[in-house]
Amino acid sequence: MIKSEICEILGIEYPVFQGGMAWIADGRLAAAVSNGGGLGIIAAGNAPADYVREQIRIAKSLTDKPIGVNIMLMSPFADDIAKVTIEENVEVVTTGAGNPSRYMKEWKEAGVKVIPVVASVAMAKLMTRLGATALIAEGGESGGHVGELTTIVLVPQICDATNLPVIAAGGICDGRGVAAAFMLGAQGVQLGTRFLSAFECNIHPTYKEKILKATDLCTMVTGKRLGHPVRSLRTQFARDYQKAEYSTMPDEELENLAVGALRLAVQEGNNEKGCFLSGQCAAMVKREQSAAEIVKEIMEEAEPILRGAEKWIK
Ligand code: TUI
């Protein structure tokens, strides 16, 4: 069995986090992952604080294991949600798409373990200084909002920049990815796209089908012009958006094109107007499974790979 320090720090069985996917990662999915021995994470996305509070309570009614909440820092509700995580005794907070410095002191005083996503060495050093519990190094293979660097170059650089445990994210989908992440110095992994296929993941059947049918070149990055690059499936919407991005369309109009697009994908499976966020590894997601099976399977796959690495030493 693969164990690392992060398991002891968080009180989890397997060093596997489920990524905080906006509109997707609800209390039910998070509880299923935590019950499976990983760390389930509720995504706040752009939702109001009351929604997040409700999802935390749902998760806590379904599991006694630790759960996390992911705060998307560009959300207008981020301040309120930061308070809710303390009021509801959430064990772990992860953050994304920005700098969580302004909340760190309050969370630390309340005993909340803070694990920010960092997309650069500078951010890793700052978060280490401000008392983060661990760091998530998320490479640009991931779905959603992406940084510049790939997982294979980001993870070792973050490991060199901090003495905290590092969780690798971006492009990890099976035991090979887990083993590679540990080889790069990570102590744990975070997966998003793979959990889209979980029975407990409440997305529109069309979304699930698109992931299960995806091929190697099926994702693309849009949104660079507005400074928020986002990886999603190469759908009609994504192609249309890219065309608009390279046109003379004013920024404001371009921004409006994407309003509500995540919800339309998740709840309605709308191919023309929905934005189906996905990581590059969608093509490696083969079948529906329970969240617990996913956690166990990837860690069991990784074990012989790590053991077998010795075969290269002559
Ligand atoms: O946040 C994510 N993934 C996301 S957020 C999201 S919602 C959204 N919708 C439309 C446009 C933009 C976002 C969908 N997917 N992943 C974590 C992540 N964080 N990736 C990169 C970063 C990051 C980037 C910059 C973390 C810190 C950072 O620091 C910037 C600074 O302030 O120096």
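Reader: Which way does α2 cross α3, left-handed or right-handed?

Author: This is a predicted model. In it, α2 passes α3 in a right-handed crossing.

Reader: What are the angle and the distance between the axes?

Author: The angle is about 35 degrees. The axes lie 8 Å apart. Helix α2 covers residues 27-35, and helix α3 covers residues 49-62.

Reader: Why quote those two values?

Author: Because two packed helices are described by the angle between their axes and the distance between the axes.

Reader: Which residues meet there?

Author: From α2, they are G27, R28, A31 and N35. From α3, they are Q55, I58, A59 and L62. By class, this contact has 4 nonpolar, 3 polar and 1 charged residues.

Reader: Which lining residues sit closest to its centre?

Author: W23, I24, D26, Y51 and Q267. The lining has 14 residues.

Reader: Which helices supply at least two residues each?

Author: α3 and α12 do.

Reader: And how does the lining divide by class?

Author: Into 8 nonpolar, 5 polar and 1 charged.

Reader: Back to W23. Where is it in the fold?

Author: W23 is in the loop between β1 (16-18) and α2. W23 is also among the residues closest to the centre of that pocket.

Reader: Is W23 buried, exposed or partly exposed, and why?

Author: W23 counts as partly exposed because its relative accessible area is 43%.

Reader: What about its phi, positive or negative?

Author: Positive, about 75 degrees, although W23 is not a glycine. Most residues other than glycine have a negative phi.

Reader: Now α12. Which of its residues are buried?

Author: A261, L264, A265 and V266. The helix covers residues 261-268.

Reader: What do those buried residues pack against?

Author: They pack against α9 (205-213) and α10 (236-245).

Reader: What follows α12?

Author: G269 follows α12. The phi of G269 is positive, near 60 degrees.

Reader: Next, T222. Where is it, and is it buried or exposed?

Author: T222 is in strand β10, residues 219-222. T222 is buried because its relative accessible area is 8%, under the 20% cut-off.

Reader: What does T222 touch, beyond residues up to four places away in sequence?

Author: T222 touches H228, P229, V230, A238, Y241, Q242 and E245.

Reader: And T133, buried or exposed?

Author: T133 counts as buried, because its relative accessibility is 18%. T133 lies in the loop between α6 (121-129) and β6 (135-138).

Reader: What is T133 in contact with, leaving aside neighbours within four places in sequence?

Author: I9, K113, V114, I115, L164 and P165.

Reader: Where does G131 sit?

Author: G131 is in the loop between α6 and β6. Leaving aside neighbours within four places in sequence, G131 is in contact with M104 and K108. G131 and V114 are 8.1 Å apart, C-alpha to C-alpha, and 17 residues apart in sequence.

Reader: Moving on to M72. Which strand is it in, and what does it touch?

Author: M72 is in strand β3, residues 67-72. Not counting residues up to four places away in sequence, M72 touches G45, N46, A78, G96 and A97.

Reader: How far apart are M72 and N46?

Author: Their C-alpha atoms are separated by 7.2 Å. Along the chain, M72 and N46 are 26 residues apart.

Reader: Last one: G98. Where is it, and what does it touch?

Author: G98 lies in the loop between β4 and α5 (101-109). G98 touches L73 and M123, not counting residues up to four places away in sequence.

Reader: What is the spacing between G98 and L73?

Author: 5.4 Å, C-alpha to C-alpha. In sequence, G98 and L73 are 25 residues apart.

Reader: Why is G98 put in the class it has for accessibility?

Author: G98 is partly exposed because its relative accessible area is 30%.

Notes: Residues numbered from 1 in each chain as written. Predicted model: local features only at pLDDT ≥ 70, side-chain atom pairs only at ≥ 80, totals over all residues. Heavy atoms only, no water. Buried < 20%, exposed > 50% of the residue type's maximum accessible area, 1.4 Å probe, protein only. Helix = DSSP H or I, 4+ residues; strand = E, 2+ residues; numbered from the N terminus. Contact = heavy atoms within 4.5 Å. Axes fitted to C-alpha atoms, helices over the stretch in contact; angles between N-to-C directions. Left-handed = near helix turned anticlockwise from the far one by under 90°. Nonpolar A, V, L, I, M, F, W, Y, C, P; charged D, E, K, R; others polar. 1 Å grid on protein atoms, 1.4 Å probe; cavity = no way out; pocket = protein on both sides within 12 Å on 5 of 7 lines; lining within 4 Å.
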